Amino acid sequence: MAAAAMSREDESRLFRVRKTVNLMLSNRGYNVANEDLQMSPEQFADEFKDGQGNIDREKIVIMVEKANNPQDQIFVFFPEGRNIG
């Protein structure tokens with residue numbers, strides 16, 4: 001039996017968490033793509049949903065480097081599970 005599609009509430013929460021993390025990283029001098037900073041909820045769903053209607057958490061990971069020090073990198077991942085935020 002296939003897993004049920006993610007609720008709109010959970011999808012929205014994941015979008016908001018990822019957007020907030022990207023903004024925080026950008027504010028702290030990390031190179032975050034403008035596309036990630038300006039992504040709409042609809043674009044987020046279109047880009048990251050899998051065939052079952054769930055956000056593919058492996059695709060929404062964030063890996064960025066500092067603008068002034070490419071050796072200073074950060075990796076953000078979103079583990080499976082409902083508890084987000």
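A cavity, on a 1 Å grid over the protein atoms alone, is a set of points where a 1.4 Å probe fits but cannot get out, and its lining residues have an atom within 4 Å of a point.

**View 1. Meet the whole chain.** This is a predicted model, in which local features need pLDDT of at least 70, side-chain atom pairs count only at pLDDT 80 or more, and totals for chains, interfaces and linings use all residues. Residues are numbered from 1 along each chain as its sequence is written, and side-chain values use heavy atoms, leaving out hydrogens and water. Follow the protein chain from its N terminus and you pass elements in the order α-α-α-β-β. Helices (H or I, at least four residues) and strands (E, at least two) are DSSP runs, numbered from the N terminus. The C-alpha trace spans about 50 × 20 × 20 Å along its principal axes.

View 2. The structure holds one cavity of 30 Å³ or more, and the largest cavity has a volume of about 30 Å³. Here a volume is the space filled by probe spheres set on the points, which are joined across faces, edges and corners.

**View 3. The residues around the largest cavity.** Look for Phe15, Arg18, Lys19, Asn22, Asp36, Met39 and Phe44, which line this space. Helix H1 (residues 8-27) gives the most to the lining, with four residues. Sorted by class, the lining has three nonpolar, one polar and three charged residues. Ala, Val, Leu, Ile, Met, Phe, Trp, Tyr, Cys and Pro count as nonpolar, Asp, Glu, Lys and Arg as charged, and the others, Gly among them, as polar.

Key. 1 Å grid on protein atoms, 1.4 Å probe; cavity = no way out; pocket = protein on both sides within 12 Å on 5 of 7 lines; lining within 4 Å.
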